Structures are given as C-alpha cells and as structure tokens.
Amino acid sequence: MPPPTLASEHHWQIYRDWCIATGREVDTLHQEFFDDVPVAAATQVSRSRAIFARLGHQRRRAERIELIGSQPAWRQGQQWGSLTQSLATTPRSGWVSGLRGGRDAFVLVAAAVGMTRDELRLMTHQDVITDKRLILRGAEVPMAQAPLSCPGCAVIGWLSTLGIYRKWGMGIVRAEMIRAKHSPARHICLTDPGREWRLAPALVPSVDKHGWVEEHHPLSARTVSAITARRQAEALTAPQSAQEHRRIYRSEVNVHRRRHLSELSEMLDEIEHLTEAHEEMIRRVEQETARFGRAASGQ
C-alpha cells in the first residue's frame, strides 16, 4: 500500500475522532459516519477512499479482482449468444469499430475455448500455435463454414492486424479496415498471419476511441468480462443472417459498381479513339484543300 498523504491522514483522523466520540470501534467501517459528517461530493469520494484504504478495503478489492480473473470468461445460458452468432455480429471492418471488433472477436474465441479472464488477457505469442493447426493455450480453434462466423478467421484476422499495426502503423491498419468494409467476406483461417504479431507485448491490448493500440496495457479482467457480455448479448439482438445479408448485399453492389466502371472506361476509350480518328480526318481534308488551292493558283 502506498504511504498515506496529508489529505488521507486528515480524513482518517476525522473518522477516528468521530468513532471515539460516538463510542464505536475504530477498526470497523460505520456507514453512519458519512451521514453524520456530510461534505461536498468530491471530498466525499477522497474521504471514502482514504478510510477504506486504512481499513483494509484495498486488500479485499484486490481479492475480488483476483476472483474475477480466475473465473471462465465465456458466458453460458440461453440469454447469451453462441460463439458463431457472436462473431457474426461483431464488426471487423470500418474505423474504429472494426479494430476494436477484431480484438473482441479474438477475445470471444479465446473465451469460448475455455480460458479464464486472466489467462485470456495475459496471453502472449507463446500461447498461440498457427502451424498446421490453430491452437490457443492448448485448445484447438474450431472452424465454421461462413467466414463471418469462423473462429479461425477471427484469430488469424486479429493476429494479422496486430502485425500490420506493429510493422506499418495505424494509418495502414485504418486503410485496411476501410477497404474491408467494401469487400466481400472470405476465409483467411488457413493463411499465414506473418511473424510481426509475435513481437506484440500483449495480444489483447486496450484500444482507445481514436484507434491507438496500447501495446503494453492488456485489458483488465473486468473489461474482458464486459466485452464477452456485450458481444454475446448483441448476438441475440442482431441476427447473424441479417448481418450476412448486409455484407453480401454490399459485396454485390461493389461487384456491379466495378463492372459499370469498367464498361464506362471502355466507352471513354472508344470515344477517345473516335475523336482522334475524326481529328485525323479533318487534318487530312485541310491538307488536301490547301494542296488543291496551291495547284489552282499555279495555273
């Protein structure tokens, strides 16, 4: 525990004096104190923190955090979406939602194969095998028929993103995420994610709202829990089929757009050729006219 500050000592002394004056035990938390000795809201926060620290509540809080970290990260029950459902409704394209969604998809897979919250958030490259089989901490990652629902694609996708981020920076990752938003989904679970991701200090780092990856700050156990709760709950309110339909629709639109652009380009090339031929014909007519003019004047 860090040494107490003057402010915390002051708060503790007030609490101690109140306990003595009211005949209460000093080593016990008495909620009545906060009603009997009111202060401003900001002061109340610092006062509560100082008193809780002196009474050992920091130790109990650490014990609660340790307990949370040792619990399985995956949520079971009908009120929670399955792995394939949760992956299908977790965005992995667009900026910044695609970057966070890619990390969250990786978290979902790691949780589904049986990791605890601490095992998941403290994972390193030594816990991942990407050779002939895809393995996370000794558990083989399953595959799925649809790319958006495939756990293997989620793992490879995030490892590839980490590698690109480390090698080329946020700008290239941003461009990749935006381009992926307008590209059809495809399987990448059998592709090589490269080796750059192995240099990442944390495989599940924090990502701020601007897209900066805090490589040396892995997620807390509570954040891992919040991610699985959010993504598994969203899976039941945003059906997989609806999202796949939107992705397929966008892909088809892009195919038609590319085809129309190709046809337009061919038409422009043809117009350019016709224009050049027309200009060449006019030039020849002008030359012939000038030649006949000179011949007539010579006669």
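I took partly exposed to mean a relative accessible area between the buried limit, under 20%, and the exposed limit, over 50%. The model I examined is predicted.

**Entry 1: R54 and E9.** In one of them R54 pairs with E9, with the closest N and O atoms 2.6 Å apart. I noted that R54 belongs to helix α3 (residues 41–54) and E9 to helix α1 (residues 6–22), so this pair ties together parts that are 45 residues apart in sequence. For R54 I recorded 38% relative accessibility, so R54 counts as partly exposed. E9 also counts as partly exposed, because its relative accessibility is 30%.

**Entry 2: R137 and E119.** I next turned to the salt bridge between R137 and E119, whose closest N and O atoms are 3.9 Å apart. R137 sits in the loop between β2 (135–136) and β3 (139–140), while E119 is in helix α7 (residues 117–121); the pair links distant parts of the chain, 18 residues apart.

**Entry 3: R230 and E234.** I then found R230 in a salt bridge with E234, the closest N and O atoms being 3.0 Å apart. Both residues lie in helix α10 (residues 221–237), and their spacing of 4 residues means that about one helical turn separates them. R230 has a relative accessible area of 47% and is partly exposed; E234, at 26%, is partly exposed. I followed the shared partners and noted one network of salt bridges that joins R103, D104, R230, R231 and E234.

Methods: Residues numbered from 1 in each chain as written. Predicted model: local features only at pLDDT ≥ 70, side-chain atom pairs only at ≥ 80, totals over all residues. Heavy atoms only, no water. Salt bridge = Lys/Arg side-chain N within 4 Å of Asp/Glu carboxyl O. Helix = DSSP H or I, 4+ residues; strand = E, 2+ residues; numbered from the N terminus. Buried < 20%, exposed > 50% of the residue type's maximum accessible area, 1.4 Å probe, protein only.
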